[in-house]
Amino acid sequence: YSNAIEGIRHLQDLLKMPPRDVAEYGACVVTDRQRFFISIGAGKFMVGNDVYFAISAQTPIYAALKGKRVGDTIVFNGQSQTIKDIF
């Protein structure tokens, strides 16, 4: 229960932050393969018809994304992904 409350607090703090232009904590990163919300490890969720993955800053995919910008390409699990949007 306390972990869930702490996670909710972190998400509420993120809503107060300005949009991002670099892949970092609080950013939504859209690649040509997937969509990520860099926040807490909360798994898959839907926004309209789009699937997002809420990932924490401790995940390997975040290590690949960290500091990247629109147009940059990462390689993760042997597959390349190009960043299409960050907000």
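How much accessible surface does the protein have, and what percentage of this surface belongs to carbon and sulfur atoms?

Figure 1. The accessible surface of the protein comes to about 5600 Å², as given by the Shrake-Rupley method with a 1.4 Å probe. Carbon and sulfur atoms account for 53% of this surface. Of the 87 residues, 31% are buried (under 20% relative accessible area, with a 1.4 Å probe and protein chains only). The model is predicted, and local features need pLDDT of at least 70, side-chain atom pairs count only at pLDDT 80 or more, and totals for chains, interfaces and linings use all residues. Residues are numbered from 1 along each chain as its sequence is written, and side-chain values use heavy atoms, with hydrogens and water left out.

**Figure 2. Secondary structure and contacts of the protein.** Two helices and six strands are present (DSSP runs of H or I with at least four residues, and of E with at least two, numbered from the N terminus). Their order along the sequence is α-β-β-β-β-α-β-β. Among contacts (heavy atoms within 4.5 Å) between residues at least 6 apart in sequence, 40% join residues at least 24 apart.

Figure 3. Strand S5 (residues 73-76) and strand S6 (residues 79-86) run antiparallel and are joined by four bridges; pairing requires at least two bridges found by DSSP. Ile-74 stands opposite Gln-81 in S6. Two residues lie between the strands of the hairpin.

**Figure 4. Asn-77 in the loop between S5 and S6.** The phi of Asn-77 is positive, near 50°. Most residues other than glycine have a negative phi. Asn-77 counts as exposed because its relative accessibility is 67%, and exposed means over 50%.
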